[in-house]
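Look over the sequence and structure first.

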Amino acid sequence: MKIGKYSSIYALASQGIFSMIVFAAGGFCIGYFAIDSILWSVILAIIGLLLGLISFIYNMLYILKKEEEEKKKNDSVKGE
């Protein structure tokens, strides 16, 4: 059971890091190629990084909530 828990933590961390990198790279590319400005590319890369961080935190809270619900459900079944 611990291996499953560690693998889900690893998957969540990998997904969070990957999403931050993709959003930051997307923001940088939009600023560099579409707007053609280094300043805007850096600003959009930072905004993309923050969006990736927000989505990572949202996913983490969602998974923690589902685990708590599953734990309560298992505790209520064991109590009967």
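## Second largest pocket

In this predicted model, the second largest pocket is lined by K5, S8, I9, L12, A13, F56, M60, I63, L64 and E67. Two elements each give two or more residues to that lining: α1 (2–34) and α2. The volume of the second largest pocket is about 160 Å³.

By class, seven lining residues of the second largest pocket are nonpolar. One is polar and two are charged.

## S41 in helix α2

S41 sits in helix α2, which covers residues 38–79. Its relative accessibility is 0%, so S41 counts as buried; the cut-off for buried is under 20%.

A polar atom of the S41 side chain lies 2.6 Å from the backbone oxygen of I38. Neighbours within four places in sequence aside, S41 is in contact with G27, F28, G31 and Y32.

## S19 in helix α1

S19 belongs to helix α1. Is S19 buried or exposed? The relative accessibility of S19 is 17%, so S19 counts as buried. The cut-off is under 20%.

Which residues does S19 touch, not counting those up to four places away in sequence? The contacts of S19 are G52 and S55.

## Recap

S41 in helix α2 and S19 in helix α1 both count as buried, at 0% and 17% relative accessibility. The elements α1 and α2 also each give two or more residues to the lining of the second largest pocket.

Methods
Residues are numbered from 1 along each chain as its sequence is written. This is a predicted model: local features need pLDDT of at least 70, side-chain atom pairs count only at pLDDT 80 or more; totals for chains, interfaces and linings use all residues. Side-chain values use heavy atoms; hydrogens and water are left out. Helices (H or I, at least four residues) and strands (E, at least two) are DSSP runs, numbered from the N terminus. Buried means under 20% relative accessible area, exposed over 50%, partly exposed in between (1.4 Å probe, protein chains only). A polar contact is a pair of N or O atoms within 3.5 Å; within protein, one must be able to donate a hydrogen and the other to accept it, and residues adjacent in sequence count only if both atoms are side-chain atoms. Contact means heavy atoms within 4.5 Å. On a 1 Å grid over the protein atoms alone, a cavity is a set of points where a 1.4 Å probe fits but cannot get out, and a pocket is an open set with protein on both sides within 12 Å along at least five of seven lines; lining residues have an atom within 4 Å of a point. Grid points are joined across faces, edges and corners, and a volume is the space filled by probe spheres set on the points. Ala, Val, Leu, Ile, Met, Phe, Trp, Tyr, Cys and Pro count as nonpolar, Asp, Glu, Lys and Arg as charged, and the others, Gly among them, as polar.
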